[in-house]
Amino acid sequence: MKTVNEMKLSFPSKSCNEAFARSAVSAFIMNLDPTLNELSDLKTAVSEAVTNCIVHGYRRRSGTVYISGRILEGGRVTVKIRDKGCGIADVAQAMQPLFTTAADEERAGLGFAVMQSFCDRVRVRSAPDKGTTVTLEKQIGGDE
């Protein structure tokens with residue numbers, strides 16, 4: 001499928017930048033004329049992925065969050081959120097609802113479950129001490 005548009009950005013792993021990430025991805029897909037639900041779904045999934053980078057990937061240390069996005073023909077959107085943090089030893093376990101590595105904080109362990117409920121497809125690649133890449137895919141509008 002042909003790429004119609006793409007974008008890349010990076011920002012420091014500060015919690016205040018989670019809203020920036022949501023807004024940037026929203027602005028990127030606006031030319032697809034998403035419904036409010038489509039827009040809200042993708043914003044929520046991006047928010048969860050960015051929060052995971054900040055809270056779990058970098059674990060109270062500084063780092064950079066990277067986002068790249070592609071719009072494909074027919075309104076298919078792919079957003080990759082990546083960190084170069086501690087990585088995930090067991091991705092399958094981490095994707096289980098209620099699992100969290102932040103036991104000392106009030107975390108529900110639902111980040112991946114939320115992403116999966118709001119996107120058509122979620123892929124996670126990770127390696128310990130190398131970082132994590134979350135790929136979100138969502139169809140905006142009808143299939144053309």
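One of its members, Arg-70, sits in strand S2, which covers residues 64-72. Arg-70 counts as partly exposed because its relative accessibility is 36% (buried is under 20%, exposed over 50%, partly exposed in between, with a 1.4 Å probe and protein chains only).

## The fold at a glance

The protein chain has four helices and five strands, running β-α-α-β-β-α-α-β-β along the sequence. These elements are DSSP runs numbered from the N terminus: helices are H or I with at least four residues, strands E with at least two.

Of the chain's 144 residues, 47% count as buried. Among contacts (heavy atoms within 4.5 Å) between residues at least 6 apart in sequence, 65% join residues at least 24 apart. The accessible surface is about 8,000 Å², and carbon and sulfur atoms account for 48% of it; such areas come from the Shrake-Rupley method with a 1.4 Å probe, and for residues only the protein chains shown count as cover.

Most residues other than glycine have a negative phi. Asp-33 has a positive phi of about 55°, and Arg-60 has one of about 65°.

Where do you find Asp-33? Look in the loop between helix H1 (17-29) and helix H2 (36-57). Arg-60 lies in the loop between H2 and S2. Asp-33 counts as exposed because its relative accessibility is 65%, and Arg-60 counts as exposed at 65%.

Asp-41 belongs to helix H2. Its relative accessible area is 18%, so Asp-41 is buried. Leaving aside residues up to four places away in sequence, Asp-41 touches Phe-118 and Lys-138.

## Reading the numbers

Residues are numbered from 1 along each chain as its sequence is written, and side-chain values use heavy atoms, leaving out hydrogens and water. In this predicted model, local features need pLDDT of at least 70 and side-chain atom pairs count only at pLDDT 80 or more, while totals for chains, interfaces and linings use all residues.
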